[in-house]
Every structure is written in structure tokens, then in C-alpha cells.
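Below are some questions and answers on how the parts of one protein chain are put together. Please look over the sequence and structure first.

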Amino acid sequence: MTQAVITGIASYVPDDILDNEMLSQMVDTNDEWITTRVGIKERRILKEEGKGSSYLGIQAVNRLFADYDIDPQSIDLLICATSNPDYRFPSTASVIIHECGLKKAYGYDIQAACAGFIVGMQDARAYISSGLYKRIVVVCAEKMSSMTDYQDRQTCPLFGDGAGAVLVEPSDDPSLGVMDAEIHVDGSGLPHLLMKAGGSVKPACHETVDAREHYVYQEGRAVYKHAVFDMLRSSLSVMQRNGLDADSLDWFVPHQANLRIIEAIGGRIKLPEEKILVNIQNRGNTSAASIPICLDEFKQKLHKGDKIVLTAFGAGFTWGAMYLVWAIDPKI
């Protein structure tokens with residue numbers, strides 16, 4: 001069976017920093033309160049007017065092409081995972097494809113919230129295995145600041161902006177690439193994590209704007225409980241199917257939503273801290289982009305043949321885990 005292998009990775013985060021001290025001047029909070037509850041010190045924010053998630057994705061994809069000497073015309077497909085599309089239509093993928101000069105590629109958006117990278121990779125895996133496409137870019141681009149209510153002290157400390165992109169290609173080496181994955185969805189989680197207005201159920205109007213219903217709404221306790229349980233369950237399921245344990249696993253890369261969630265899951269799997277990749281302190285929750293950004297920022301630690309489990313949980317509720325064997329050697 002043809003394997004789907006990551007052969008290139010890049011990311012982009014904006015330059016502007018929103019740290020906890022700055023945030024405390026906007027809303028009733030402080031560094032101790034934020035750090036104790038979610039472990040975040042700062043997050044990056046895209047402040048330029050007129051630039052959305054596609055801008056972040058374009059930067060990540062262009063870096064991917066430059067770093068790995070990739071010809072844009074060789075790309076068959078671009079999958080964009082985002083909860084913050086530039087427009088309701090056209091797709092953000094179409095904007096990225098145009099701006100990056102992918103003249104021969106098809107593209108589309110997926111909406112799997114924070115689990116977007118795993119879902120996008122599973123799509124790419126299926127296309128590679130079927131032979132339909134051979135060179136696929138999976139890009140996750142999230143301008144989370146565009147849907148963050150900076151008057152809500154419960155949610156505004158969580159989110160940052162950023163994008164990550166990978167190139168996925170076929171390989172005949174059965175020991176590398178995406179080995180296994182499982183993805184789940186439970187629509188009963190709708191009331192706990194959503195944007196209440198702006199869709200076809202509740203279109204935008206003066207009342208919805210005044211009620212601040214065009215921002216992230218989250219019931220923190222319910223989401224925390226489900227995130228820990230579901231990410232843990234799916235990670236253990238994938239690990240057990242593939243004979244992995246805390247000793248044989250090289251790296252664990254969870255969605256960077258909340259440091260306390262990450263610690264709870266890692267502790268229950270009995271993983272040593274040094275095997276868990278974490279950058280939430282300086283990036284915040286970048287939703288679908290968090291896993292590829294984290295992988296890119298730690299890529300010098302990753303070696304060809306390393307066994308890695310990814311896991312994520314987001315709105316929908318949508319969650320899952322993926323086991324992959326790394327195929328890129330660190331650059332010298």
C-alpha cells in the first residue's frame with residue numbers, strides 16, 4: 001500500500017505580540033490568572049487591516065515552497081483547514097492557490113475546527129492511497145483574533161493567529177508516513193462551543209451584533225472535560241492498535257488548546273514531559289494550525305523514523321488522533 005508521507009513543513013506567525021500584561025489592560029484579568037488556568041504567556045495577532053486567514057496561509061505555503069525548493073506547478077491539490085475563512089464564499093483555499101501561483105491545483109476548505117490538521121491529513125492520505133493526487137499541500141490558517149471577544153475574560157486569553165503547511169507525497173516505504181488514524185464527531189457538543197450568529201440559522205443583524213454573538217462562545221468546563229477524555233481515548237486507541245507505549249513513542253504532539261489539558265493527557269499516558277511538544281506558552285491556541293506550527297518549530301528535534309502521535313479536539317465536537325512516522329531529517 002502506498003504511504004502518505006510528509007516531505008516538507010513550514011509555518012508562519014505574525015510579528016505582533018499580545019502578552020498577558022497587554023491583555024490585562026483590555027479586560028479584567030492578569031498574568032497569574034491566565035498562566036494558572038491555561039499556561040499561556042503571549043499570543044501572536046495579525047493586526048494589518050484587510051488581511052485574513054488566507055494571508056497567514058499564503059506566508060506558510062510560500063515558506064514551504066522556498067525552504068524545500070518546491071515548484072508550485074507540481075502541486076495537484078491544496079486542502080485548507082480553517083474556522084476563520086476570509087469569506088463565506090469563495091473558499092480560502094482558492095485565495096491561497098491564486099496568490100501562491102498554483103496554476104494546476106484543485107483546492108477546497110474543510111471545517112473541523114481545532115482538529116483540522118488531522119482531518120486534512122486523513123483526506124490527503126486517502127487521496128495518496130487511491131492515486132488520485134500525488135503532491136498535496138495541507139495548510140491550516142487561523143486568524144483567531146477575528147472571532148475573539150476581547151471583552152470576555154474567559155476566552156480572550158486563549159487564542160492566537162498563525163498558519164502551518166505541509167507537503168504530502170506518496171512513498172513505497174511502508175515504515176514511513178501516516179500509519180493509522182481515527183476521527184470522531186459528536187454533534188451533541190454544539191451548545192458548548194460555537195459562534196451563535198452569522199450563519200443561516202441566525203443571520204447577522206443589529207441584535208446579534210449588539211449581543212456579541214459573532215465571537216467564540218465556549219463553556220469552559222464542559223469543553224475541558226470532553227477534550228481530556230476524548231483526546232486521551234483516541235490517542236490510547238491508536239497507540240494500542242500499533243503496539244506503542246510511553247517507552248516506544250518518540251513524540252506526542254497535542255493540539256495546543258490549554259496547558260492543563262496537555263498535562264492531564266500526558267500524565268495519564270505516563271509520558272515524560274520531554275516527549276511532549278508544547279509551544280502554547282508563546283503561541284496560544286491557534287486552532288487547526290497549532291499542530292503543524294508546533295511540529296515546524298520543533299522540527300530540528302525530529303528525525304527520520306521517529307514515531308509520533310498527534311491528537312486534537314475542537315468544535316463539532318470533532319476530535320481524533322493520528323500515528324505517523326517522521327520522514328524528514330533535520331536540516332544541517
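Q: In what order do the five strands form the open sheet?
A: This is a predicted model, in which local features need pLDDT of at least 70, side-chain atom pairs count only at pLDDT 80 or more, and totals for chains, interfaces and linings use all residues. Residues are numbered from 1 along each chain as its sequence is written, and side-chain values use heavy atoms, without hydrogens or water. Strands (E, at least two residues) and helices (H or I, at least four) are DSSP runs numbered from the N terminus, and two strands pair if DSSP finds at least two bridges between them. The pairing is mixed, and the order is S1-S7-S6-S4-S5.

Q: Which strands stand at the edges of the sheet?
A: An edge strand here has a single partner strand, so one side of it is left without a neighbour in the sheet. That applies to S1 (3-12) and S5 (106-110).

Q: How many bridges join strand S6 to strand S7?
A: S6 covers residues 136-143 and S7 covers residues 161-171, and the two run antiparallel. Glu142 has Gly162 in S7 as its bridge partner. The number of bridges joining S6 to S7 is eight.

Q: At about what angle does helix H5 run to S6?
A: Helix H5 (residues 116-130) lies across S1, S4 (77-81), S5, S6 and S7, contact meaning heavy atoms within 4.5 Å. Axes are lines fitted to C-alpha atoms, for helices over the stretch in contact, and angles run from 0 to 180 degrees between N-to-C directions. The angle of H5 to S6 is about 165°.

Q: Which residue meets Arg212 in a salt bridge?
A: A salt bridge is a side-chain nitrogen of Lys or Arg within 4 Å of a carboxyl oxygen of Asp or Glu; here the N to O distance is 2.8 Å. The pair links distant parts of the chain, 63 residues apart: Arg212 is in the loop between H6 (206-210) and S10 (216-218), and its partner is in the loop between S6 and S7. The partner is Asp149.

Q: Is Asp149 buried or exposed?
A: Buried means under 20% relative accessible area, exposed over 50%, and partly exposed in between (1.4 Å probe, protein chains only). Arg212, at 31%, is partly exposed. Asp149 has 9% relative accessibility, so Asp149 counts as buried.

Q: Which residue forms a salt bridge with Glu297?
A: The closest N and O atoms are 2.8 Å apart. Glu297 lies in helix H10 and its partner in helix H9 (residues 280-283), 14 residues apart. The partner is Arg283.
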